[in-house]
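Please read them alongside the coordinates.

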Amino acid sequence: MLQPANRFTLIDALRPPVGFGVDSAMAVTFTLDLRALTTVPVAFALSGGESTDGGTEQFESIELLHALRSHADKISVFCQAGYTAVPPSHRVFAFLEGAVVPVEAPLGGIVHPKVWVLRYTAEKTERAAQPEQSRLRVLVASRNLTFDASWDTVLRFDECHDGGIRLEPVGALFQGLLKSTTSTVDQAHRRRVDSLAAALQTATFAPPVGVDDLVVHVMGLGEGRSPLPTAAQRSLIISPFVHDRFFDEIHPHRIDELVSRQESLDSLGSQALAKVGAAYTFDDGGVSDPDDIDDQKDRTDPHDPGRPLVGLHAKVFAFEEAGRARLFVGSSNATGAAFGSNIEILVELIGALSTLGIDRLVGSVEEESEERSLRGLFHKHVPLDEPPEMQDASSLERARRALASLPIEGIVERSGSDWAVTYCSAERVPRFEGVEVRCWPLGSAGHRHPVVGSAVFDERFETSLEAMSGFLVFELTQHDGTRTEFVLPVALIGVPEERERVLMRALVGNAERFLAYLLAMLDDDPSQLGLPDAIERIGAASSADGHPQTGRPVLEKLLRTMRRDPAKLNGLDPLVSDLADDGALPDGFADLWEALYSVTTAATTDAPDATPTGAAR
């Protein structure tokens with residue numbers, strides 16, 4: 001049952017099984033929040049550990065930086081061009097520049113699936129104990145890679161080796177996305193997609209409990225028909241967005257129950273509503289931030305990718321016929337575009353009414369305790385006295401889509417004692433009547449250049465290695481004050497090799513900060529500190545002026561840990577090695593660590609029946 005109390009986070013779904021690490025991953029999302037993307041490498045790094053909340057106050061923790069540095073190049077994230085939200089200006093996003101691939105739907109709609117494919121491999125220290133050396137996991141969700149406070153669904157499929165279901169169309173989806181990119185794609189993304197798609201050709205996955213059969217439907221990569229059945233004894237659709245065309249052309253058949261948002265239902269015409277037995281709105285008791293509604297000084301376009309989603313966002317099409325249930329879960333709304341021009345995915349689950357039926361899914365109308373079921377949040381739709389006027393895509397949205405399709409690259413070159421990046425395109429900027437456009441690199445929010453329509457795009461920004469950015473921000477403002485903004489990933493050409501090392505040194509900060517972090521991770525607390533606790537300890541150990549206190553017994557802690565729990569040193573060694581390569585360690589610490597770690601590994605290797613662990617020296 002879809003129970004309101006059943007909460008499952010994307011971070012939990014991405015975290016590797018115990019004894020495994022992430023080898024590679026590919027994902028597709030409609031809207032993207034770069035802050036949310038930073039939590040993904042952390043989920044990869046904290047196998048079996050604690051979840052993080054993804055808050056921006058954690059961005060500069062050393063462990064997060066190391067997780068980003070170690071895992072960002074294992075990810076390919078495809079997203080609709082022009083729908084990446086603008087985060088706070090922060091240098092840490094530089095580590096994600098190569099992970100994001102903007103795409104467009106070939107039929108003119110939007111790229112709307114929310115899918116993850118992950119391959120985990122057994123850690124070196126666990127391989128002897130693992131029956132298999134690699135595992136695949138597939139997630140099909142209705143949630144974008146954002147921090148939206150909305151109600152969504154997610155299907156999780158884990159690879160099994162004793163028979164199961166096949167998910168080859170998921171691989172075909174990503175291979176189709178490779179052909180729909182708006183700019184040149186790095187070969188690493190092509191190799192990753194090809195490798196994971198090939199693995200999906202032969203892999204089998206454990207089906208959800210109660211599912212007898214399963215079919216994956218990918219739409220929008222070519223001409224196709226709706227997979228929804230034309231007849232059913234009983235039907236239910238849950239969709240936050242609905243449109244007359246769906247009921248007139250895509251599925252011109254009776255629907256017993258329709259659950260959507262108030263404004264979506266109010267926009268339906270009388271002919272569409274006549275095909276619906278009962279219409280419901282969804283109310284979880286939450287309220288939107290009044291500042292988002294009442295602030296007329298900062299009018300954001302309704303289609304802006306940074307607007308948070310609240311309330312209903314799940315998409316479910318449920319049908320019952322001859323004692324069997326067919327359940328379609330995925331990204332498609334009940335609109336014409338979802339079954340016509342958009343790229344979408346629906347997973348069809350087939351099984352008995354006792355496990356997949358509508359009453360089992362959302363609760364029965366006759367249930368006494370409706371508040372325990374999803375149906376308890378359904379409320380009869382009461383039409384407004386004056387239905388809202390239907391609005392086409394705004395001029396801002398059309399301008400955003402046009403700008404996002406420009407093939408822009410960044411040329412990096414020396415400029416005096418520092419650097420400059422020229423963002424340019426061989427194509428001319430479209431001309432937008434009544435729309436003012438400005439742009440700036442994500443790391444330099446204070447330097448905004450006006451963008452002139454009908455001219456070749458050519459914008460030069462003076463910068464430094466730390467502030468250099470492969471994310472270009474566009475801000476569009478309409479004559480009435482309505483505005484929208486988005487981030488466009490841009491390939492940087494000519495980046496000096498030392499950029500990452502310089503950036504890492506700048507983000508790690510001074511020696512005191514590193515030592516405070518190290519002490520937190522070496523704490524004797526048997527609960528074993530996770531990332532949130534380590535950060536909290538660093539803050540608590542700071543002096544009144546916010547700087548870590550000096551004179552800590554670092555050597556004493558290291559020696560004690562070497563004797564009592566050498567595994568902690570094994571876990572920290574990759575981080576210390578990377579920081580040493582970047583020149584980000586306190587003076588003399590690399591030599592101290594080398595001596596202590598050599599003694600630890602030698603003792604472990606000499607121990608009877610011991611298996612050497614840690615980084616090779």
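1. A residue is called buried when its relative accessible area is under 20%, exposed when over 50%, and partly exposed in between, with a 1.4 Å probe and protein chains only. By that rule F30 and Y83 are both buried.

2. The model is predicted, so local features need pLDDT of at least 70 and side-chain atom pairs count only at pLDDT 80 or more, while totals for chains, interfaces and linings use all residues. Residues are numbered from 1 along each chain as its sequence is written, and side-chain values use heavy atoms, with hydrogens and water left out.

3. Helices (H or I, at least four residues) and strands (E, at least two) are DSSP runs, numbered from the N terminus.

4. What does W116 touch? Leaving aside residues up to four places away in sequence, its contacts (heavy atoms within 4.5 Å) include L10, L14, V40, F44, I75 and R137.

5. The whole structure holds 14 aromatic pairs. Rings of Phe, Tyr and Trp (its six-membered ring) pair if their centres lie within 6.5 Å; planes under 30 degrees apart count as stacked, over 60 as edge-to-face and the rest as tilted. F30 and Y83 make a tilted pair, because their centres are 4.8 Å apart and their planes at 35 degrees. F30 sits in the loop between β1 (20-29) and β2 (32-33), and Y83 in the loop between β3 (75-80) and β4 (84-85), so the pair ties together parts 53 residues apart in sequence.

6. F246 and F317 form another tilted pair, 6.1 Å centre to centre with 45 degrees between the planes. F246 belongs to helix α6 (residues 244-250) and F317 to strand β16 (residues 316-321), 71 residues apart. Both F246 and F317 are buried. Ring pairs link F246, F247, F317 and F339 into a cluster.

7. A charge sits over a ring if NZ of Lys or CZ of Arg is within 6 Å of the ring centre and within 35 degrees of the ring normal. R400 lies over the face of Y83, 4.6 Å from the ring centre, and R448 lies over the face of W440 at 3.7 Å.
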